[in-house]
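Dear colleague,

Please find the structure below, handed over for your review.

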Amino acid sequence: MAVNGLRDALLEGLKELHGTREFHVHVLASSPRKHNGLFPFAIPKQRAYLQDILVLLSEQKTPDSPRIIVSGIEASVYNIPTTACAVLYVSKVDGTGQSSAPSPTSTLVRSFLLYYADPVTRPLDAEHFWIQLFARAQNQYLFPNSSDFPRKRPLSDVRLCGWWKKLLTGVAKELDERSKVKPTIRLYYILPGYSELEAINSLRVPFPSTSSLSPAVSWTYGHPYSQTDVRLPCPPPPTEKSNLGHFIPYFDDCPKSRFLDEIAHTTEANGVKSPARKRSRTNTLGDSINSHEVEPPKKEERPLGQLENVSSDEFWERMSFRQECVAGAVTGFFTLGLTATFHRSSRSPLEPQPGQVSAQLIKRVLQTMHTGVEFPTVDLAIRATETLEGAVRGLCDGIASIHTPIIQAPRPVRPVSKRGSKLDIPRPKTPEPQMLAPPPPRTPPPRGNKFIADISPNPFPEPETSLETYNSHIYGSVCVSNAELPPKDASSTEEGGGDVSRAPQVTVLTVRKKKKRPE
């Protein structure tokens, strides 16, 4: 399926927003490539096909006003044909705070998730689909220095987890209503360090009433690795002992990936390291004394470290003590699993689709976003929008339109000694360009030299982009002309929500003092 399917789905969802404005969206999806790092500790290895997704949404309030980027999504899609599974990992969702009310971020993310989760529109040959994300509150994720803009109000840790839970609840409810044949939908969430009752009390934000949800759409506090309703992407072989590397996927910028790597490289038990294996003695001729004996058969490949000894329940229990989860802020892991009837096609999972671009093009756009632009004010945001949108259009058209200002330092005149010879003074160098914002956190690759990238040749060439590709698949716009958002009051619902259950009215009683009788 072409990339314009995702672009059109996002524009269709934005039509329902309140207000009068025009939205401009850029959707970059890379062509599939081989990837063996999703389950690097699984035995045998599981091959997947990876796609990078980047969505940039800009807003134009009037036809004469400039565009300003207001929202963005960075995600990765993994396709595992051997198990008919696909995994969508939402890496970053961010806004600049410079949009009109209501903010389009919730609608954009909801339409994005529905496009991949719905079997009718899903561009992957996968019967089982998983959505996974890690919620961690930060002032900015994608747009450098956007937290300095006064109108940007990042969600707190508790409200961010509540926002994701509310959003995924709406996605699951709509998927259940769309399908004629009811799919199997399972929802899971974990707040490390919190029990189920504490998690429920912490996320006390308005949610759709329980009566409006289907019995098939309900949340489970825990992990999905013990259930059998939705097939896991990398289940362990039935004849082998379960290995933690078959259950925990390895994502970039995810604390559970870092913890999994530590468990895989723990070689000590109870604090005592196993002694090194001694080398067999040799005689004076250099031949081994036991050379006449038959060599024992090679041992089977075993899981690294303590992966074979740590269960999924113990993994999540120990995650509660990780510094990233107990640093004073509430973090959450959210998972949506879905199984629905799907008709497979005969095309190769590596075959590029119309509108897809190379992974290097997306990498260049992200590098420009992190090093060349910033969003602390309206003027700088307008300039950043022109730079990024021009970069996407120029790279698609084969024009390197990413201009990096070069500041040339004046050459100082070398002092001359009395004898007329110039002194040997080191010449000053032009400073390297610095990032306008701290570099985004990255999970280091798995340790050890056994995890080597798959370098087998790709039978399909890299997609070649053009201006026609840009106009037909990547860029799109939609004009919105709806009623303005009504003012908020006590009876109104929150933005992006549905029926909100009101809190029960509490009557406060005052204590009447007893009058003393006169003596």
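**Findings**

Leaving aside neighbours within four places in sequence, glutamate 484 is in contact (heavy atoms within 4.5 Å) with His18, Gly19 and Thr20. Please note that this is a predicted model, in which local features need pLDDT of at least 70 and side-chain atom pairs count only at pLDDT 80 or more, while totals for chains, interfaces and linings use all residues. Residues are numbered from 1 along each chain as its sequence is written, and side-chain values use heavy atoms, with hydrogens and water left out.

Glutamate 484 belongs to the segment that follows β12 (475-481); strands here are DSSP E runs of at least two residues, numbered from the N terminus. Between glutamate 484 and threonine 20 the C-alpha to C-alpha distance is 7.7 Å, although 464 residues separate them in sequence. Glutamate 484 counts as exposed because its relative accessibility is 55%; exposed means over 50% relative accessible area, buried under 20%, and partly exposed in between (1.4 Å probe, protein chains only).

Strand β7 (residues 184-190) is largely enclosed by the rest of the structure, because five of its seven residues are buried. Two strands pair if DSSP finds at least two bridges between them. β7 runs antiparallel to strand β11 (residues 332-339), joined by seven bridges, and threonine 184 stands opposite threonine 339 in β11. With strand β8 (residues 219-221), β7 pairs in the parallel sense over three bridges; there, leucine 187 has tryptophan 219 as its bridge partner.

The structure holds 16 aromatic pairs. Rings of Phe, Tyr and Trp (its six-membered ring) pair if their centres lie within 6.5 Å, and the planes count as stacked under 30 degrees apart, edge-to-face over 60, and tilted for the rest. Tyrosine 189 and tyrosine 221 form an edge-to-face pair, at 5.0 Å centre to centre and 75° between the planes. Tyrosine 189 lies in β7 and tyrosine 221 in β8, so this pair ties together parts 32 residues apart in sequence. Tryptophan 219 and phenylalanine 334 are also edge-to-face, at 6.2 Å and 85°. Phenylalanine 334 is buried, with a relative accessible area of 1%.

Finally, the count of disulfides (cysteine sulfur atoms within 2.5 Å) comes to zero. Cysteine 161 counts as buried at 0% relative accessibility, whereas cysteine 479 is exposed at 60%.

Notes: Helix = DSSP H or I, 4+ residues; strand = E, 2+ residues; numbered from the N terminus.
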